[in-house]
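Please look over the model below before reading my comments on it.

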Amino acid sequence: YADVAALCAVTTTLAAASGSVSAMFTDMLMNRKATGETMYDITMCMNGALSGLVGITAGCSVCEPWAAFVIGIIAGWVYIFFSSLLVKLKIDDAVDAIPVHFGNGMWGCIATGLFASPSLVANAYGGPNNGLFYGGANAGKLLGVEIVGILFIIGWVGVIMIPYFMLLNAMGLFRVDALEEEVGLDISHHKGAAYDMSGPSEAAVEKYEISTSQRKVEIDLPAEEEVVPEPEKEAEVSAEENA
């Protein structure tokens, strides 16, 4: 199984890299189109890499390296789509776990049903199944199994977790109050802040954004007071006293 392990390492690395680049640059292009600014979001970069890792997990042993690259690129787009969807639906997910793991978990299963190579499937599992893009008598079978698996997992988790969450909500344990949420659970639950989240001042951020803006911004600065040298001040005082 050494060749299978080596393939998993290659496909996993490629998907993570392409997912990171896909999410970050796609977000940059969308932001530049909307605002005219070119900004690279490190959150998109990191979560894009995680999305690529999640997207290739199901098929890392049965997909060719080129397919892993494509899967990672699409994983970055899937992440952006689900992240934007959560914002529109006003669902609180501070670390974007749903877009990364749920959205790309589904994409990873579907991608296996599309890109699984017949020779690699046979090498890893000894079976005749392959992805839809490779054709053959079993072309759609694996994709169908993956879709059924996705629906079963959604149903299973929903049946188990929805009553549990409803019970926590009824007991007042579903989420912390607004003040505790603002202070942070590191302080309320672990007796200390884990990170320095103060950041720069708003004035410094505004000044930086203006200085790096690609658009022309007119700023009305207050007129500076005229500084009178000390000898001239003394002369003016003496003149007033003589008068």
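The numbered points that follow cover basis, helix, serines, cysteines and cores.

1. This is a predicted model, in which local features need pLDDT of at least 70 and side-chain atom pairs count only at pLDDT 80 or more, while totals for chains, interfaces and linings use all residues. Residues are numbered from 1 along each chain as its sequence is written, and side-chain values use heavy atoms, with hydrogens and water left out.

2. Helix α1 has 34 residues and spans 50 Å from its first C-alpha to its last, close to the 50 Å expected at 1.5 Å a residue. Here helices are DSSP runs (H or I, at least four residues), numbered from the N terminus, and the expected span is 1.5 Å times one less than the number of residues. After α1 comes G36, whose phi is positive, near 85°.

3. S18 lies in α1, which covers residues 2-35, and S18 counts as buried because its relative accessibility is 4%. Buried means under 20% relative accessible area, exposed over 50% and partly exposed in between, with a 1.4 Å probe and protein chains only. Leaving out residues up to four places away in sequence, S18 touches A68, F69, G72 and I73, where contact means heavy atoms within 4.5 Å.

4. S117 sits in the loop between α4 (97-115) and α5 (118-125), and at 3% relative accessibility S117 is buried. Its side chain makes a polar contact of 3.1 Å with the side chain of S119; such a contact is a pair of N or O atoms within 3.5 Å, of which, within protein, one must be able to donate a hydrogen and the other to accept it, and residues adjacent in sequence count only if both atoms are side-chain atoms. Beyond its neighbours within four places in sequence, S117 is in contact with V62, E64, N130 and Y134.

5. The structure holds zero disulfides, a disulfide being a pair of cysteine sulfur atoms within 2.5 Å. C63 is buried at 1% relative accessibility, and C109 also counts as buried, at 19%.

6. The largest nonpolar core has 22 residues, and those with the most contacts inside it are I56, V62, C63, I71, W107 and F115. A nonpolar core is a set of buried Ala, Val, Leu, Ile, Met, Phe, Trp, Tyr and Cys residues joined through side-chain atoms within 4.5 Å. The largest share of this core, six residues, comes from α3.

How values were computed:
Helix = DSSP H or I, 4+ residues; strand = E, 2+ residues; numbered from the N terminus.
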